[in-house]
Structures are given as C-alpha cells and as structure tokens.
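Subject: Structure handover

Hello,

Here is the structure I promised to pass on. Please open it first, then read my notes below.

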Amino acid sequence: KPQVLIAGGRDVRWRSLDDVWLLDCSNGTWNQLEVPQSIAHRHYHSLSVYPINEQCMYAIMYGGVTEWEKETSPDDQPMISDTSVLEIVEGPEGVWIVSAVLDSSILSSTEEYKYRLIQRLFQIIRTPDDQTSASEQPISNLQEQVRIKERENNDLKTRIRSLEQLLENAQKDLQEKDRQTPPAP
C-alpha cells in the first residue's frame, strides 16, 4: 500500500522537530510513530525508506542539523554525521511499532551497528499461515547457510577443546614420567 514517511524537520522559527509521521495514502490517515528523540530530532537530513513487505520497512536517516544557530551562515551550521536505521513493523490491529536498529547515540561501535543490522535482516517475517513467501526465500536460504556455518563453527570449537584436553593430558603424562624416571648418572 502506498505510504509517506515524514521524520523530523523544522518549524517556522527554525527549531528542529522530533516527531515521525506515517501517511497511509490509500485511506488518508496519519499515524504518529514513537521514535527516540536522538534519532528524529533533526532537519536538513536525508531519509530513505526501504520496504521489506507490506508490514515492514526500514527507514534510514543520515546527517542534518539538530538546532539552527541564528548567527551562523547556512554553510557553517553544525552538521551531525550519524546514520540511524529504524525498523517499522505493522503490528496487531494496524498499530505501527518502531525499533531503532542503529542509533549512534545508543550503539558505540560500527561493528555493533553491523551486527544489529545483520541480525535484524536475517529474521524472517512470516505470512499468516506461517509459510515463507517467495520474496523471502533468499533470506531463508541465507539463514539456513548461517545456521549450518554456526553448527560447523560449534563442531570445530568442540574438536579444539577435545584436542586441547588431549594435549594437556599428554603433557601431564610426560611430566609424571619425568618424575618417575631416575636421573641418569
């Protein structure tokens, strides 16, 4: 269904707004979404929306200005250079649920960002009869590959622990033999 997402912006006094709205173009209804202020409080930012399916989308916000400095030229405004990713899912009874997948004010490292985003992208959104739709097949294939690799990784860790235990036992046996063997004259 066609939708429009509006996040942040500014009022007539150049103050940043921190609300997020979703317009359902099919029936003309607006829904205000609950979003952390650290993400939405900005204007002059970029916003892209990536639809996963009719019940899920990702909104990606980058940069902008949190507060306009009156005595500063537009080119010299203090710009923020963070990226935030929101997952927006339609829940029961048409209520939209927003979760911050990436929020630079909450997550401290790029690796943490990557981990959280990959973690979310690998989750499958099921159709009502709990069957994976055709568009989700590539994700489910990737998930299965990840599960296989995780099992292989766990098997290798188990083998390494077994080998380490064997090595430790062999070293103990050698030490015991050294103690039992009388020194050469």
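One term before the findings. A nonpolar core is a set of buried Ala, Val, Leu, Ile, Met, Phe, Trp, Tyr and Cys residues joined through side-chain atoms within 4.5 Å. Keep in mind that this is a predicted model.

**The core**

The largest nonpolar core has 16 residues. Those with the most contacts inside it are Leu 5, Val 20, Leu 33, Val 35, Leu 86 and Ile 88. Several elements each supply at least two residues of this core: E1, strand E2 (20–24), helix H1 (37–40), strand E5 (56–62), strand E6 (83–90) and strand E7 (96–102). In soluble globular proteins, nonpolar side chains tend to be buried together.

Take Leu 86, in strand E6. Is Leu 86 buried or exposed? Leu 86 counts as buried because its relative accessible area is 1%, and the cut-off for buried is under 20%. Pro 36 sits 50 residues away from Leu 86 along the chain, yet their C-alpha atoms are separated by 10.0 Å.

Which residues does Ile 88 contact, leaving aside neighbours within four places in sequence? They are Leu 5, Leu 33, Gln 55, Cys 56, Met 57, Ala 59, Trp 96, Ile 97 and Val 98.

**The overall layout**

The protein has 3 helices and 7 strands. Along the sequence they follow the pattern β-β-β-α-β-β-β-β-α-α. Of its 185 residues, 25% count as buried. Among contacts with a separation of 6 or more, 39% join residues 24 or more positions apart.

**The surface**

The protein exposes about 13100 Å², and carbon and sulfur atoms supply 54% of that area. There is a nonpolar patch on the surface, formed by Val 4, Ile 6 and Trp 30. Together these residues have about 260 Å² of accessible area. Val 4 belongs to strand E1 (residues 3–7). Val 4 counts as partly exposed because its relative accessibility is 35%.

**Salt bridges**

How many salt bridges does the structure hold? There are 3.

- Asp 11 and Arg 15 meet through their side chains, at 2.9 Å from N to O. Arg 15 is partly exposed, at 41% relative accessibility.
- Glu 168 and Lys 172 pair at 3.4 Å, N to O. Both lie in helix H3 (residues 137–180), 4 residues apart, about one turn of the helix. Both count as partly exposed, Glu 168 at 35% and Lys 172 at 46%.
- Arg 179 pairs with Glu 176, the closest N and O atoms being 3.4 Å apart. Both lie in helix H3, 3 residues apart, again about one turn. Arg 179 is exposed, with a relative accessible area of 62%, whereas Glu 176 is partly exposed at 35%.

**Confidence**

The protein averages a pLDDT of 76, and 74% of the residues score at least 70. Among its elements, strand E3 (residues 29–33) has the highest mean pLDDT, 91. Helix H2 (residues 110–121) has the lowest, 63. Over residues 124–137 the pLDDT is below 50. Beyond near neighbours in sequence, that stretch has 14 contacts in the model.

Best wishes

Notes:
Residues numbered from 1 in each chain as written. Predicted model: local features only at pLDDT ≥ 70, side-chain atom pairs only at ≥ 80, totals over all residues. Heavy atoms only, no water. pLDDT = per-residue confidence, 0-100. Contact = heavy atoms within 4.5 Å. Patch = residues over 30% accessible without salt bridge, like charges linked within 9 Å, V, L, I, M, F, W, Y side chains within 5 Å. Areas by Shrake-Rupley, 256 points an atom, 1.4 Å probe, with all protein chains shown as cover. Salt bridge = Lys/Arg side-chain N within 4 Å of Asp/Glu carboxyl O. Buried < 20%, exposed > 50% of the residue type's maximum accessible area, 1.4 Å probe, protein only.
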